[in-house]
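Thanks for asking me to look this one over.

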Amino acid sequence: MMPKTQRKFCPKCRKHTEHVIHKMSSGKQRRSMAAGQRRFLRKMTGFGSFPKSNPHDRAKPTKKLDLRYECKECKKQHSIGLGFRVKKFEMTK
Ligand SMILES: [Zn+2]
């Protein structure tokens, strides 16, 4: 269980403020015009199969969690590092 708001350091305000925690959904497409994404879309058109075959048994049982912290004062979002691995994640209501 994790609280919805936390007091954290805001790099913009350069002090500790209240932060709202957002969990980024994995299904949503980000960086839709990034170089790698454009290359992937080009590969997907026309003939030829999916560039990488889907591994049937996953090497890792957990997925990385991408949390974003939104400062309540300046409304800027920031994350911590590259996320962390957890099996189960819950927010306190
Ligand atoms: Zn701030």
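The points below go through the sheet, the metal site and the charged pairs in turn.

1. Ground rules. This is a predicted model, in which local features need pLDDT of at least 70 and side-chain atom pairs count only at pLDDT 80 or more, while totals for chains, interfaces and linings use all residues. Residues are numbered from 1 along each chain as its sequence is written, and side-chain values use heavy atoms, with hydrogens and water left out.

2. The sheet. Four strands make an open sheet in the order β1-β2-β4-β5, with antiparallel pairing. Strands here are DSSP runs (E, at least two residues), numbered from the N terminus, and two of them pair if DSSP finds at least two bridges between them. At the edges stand β1 and β5, each with a single partner strand, so one side of each is left without a neighbour in the sheet. From one strand to the next, the twist averages 45°; this angle is taken between the N-to-C directions of axes, which are lines fitted to C-alpha atoms, and can run from 0 to 180 degrees.

3. Strand by strand. β1 and β2 pair in the antiparallel sense over six bridges, and cysteine 10 has lysine 15 in β2 as its bridge partner. β2 and β4 are also antiparallel, over five bridges; here histidine 19 stands opposite cysteine 71 in β4. β4 and β5 pair in the antiparallel sense over three bridges, with arginine 68 partnered by serine 79 in β5.

4. The hairpin, and how covered β4 is. Five residues separate β4 from β5 in a hairpin, and lysine 75 in the turn has a positive phi of about 60°. Of the five residues of β4, four are buried. For accessibility, buried means under 20% relative accessible area, exposed means over 50%, and partly exposed lies in between, using a 1.4 Å probe and protein chains only.

5. The zinc site. Which atoms hold the zinc ion? The SG atoms of Cys10, Cys13, Cys71 and Cys74 coordinate the zinc ion at 2.2 to 2.3 Å. Donors are N, O and S atoms within 2.8 Å of the metal (3.2 Å for Na, K and Ca), and sites may look incomplete because water is not among the atoms.

6. The cysteines in sequence. Along the chain, the zinc donors follow the spacing C-x2-C-x57-C-x2-C. Cysteine 13 sits in the loop between β1 (5–10) and β2, and cysteine 74 in the loop between β4 and β5, so this pair ties together parts that are 61 residues apart in sequence. Buried or exposed, where does cysteine 10 fall? Cysteine 10 is buried, at a relative accessible area of 1%. Cysteine 13 is partly exposed at 27%, and cysteine 74 is partly exposed at 23%. If you are planning to look for disulfides, the structure holds zero, taking a disulfide as a pair of cysteine sulfur atoms within 2.5 Å.

7. Lysine 15 bridges to glutamate 73, with the closest N and O atoms 3.3 Å apart. Lysine 15 is partly exposed at 41% relative accessibility, whereas glutamate 73 is exposed at 52%. Glutamate 18 and lysine 72 also meet in a salt bridge, at 4.0 Å from N to O. Glutamate 18 is in strand β2 and lysine 72 in the loop between β4 and β5, 54 residues apart. Glutamate 18 is partly exposed at 30%, and lysine 72 is partly exposed at 40%.

8. The remaining charged pair. Arginine 68 and aspartate 66 join their side chains in a salt bridge at 2.7 Å, N to O. Arginine 68 is partly exposed at 21% relative accessibility, and aspartate 66 is partly exposed at 26%.
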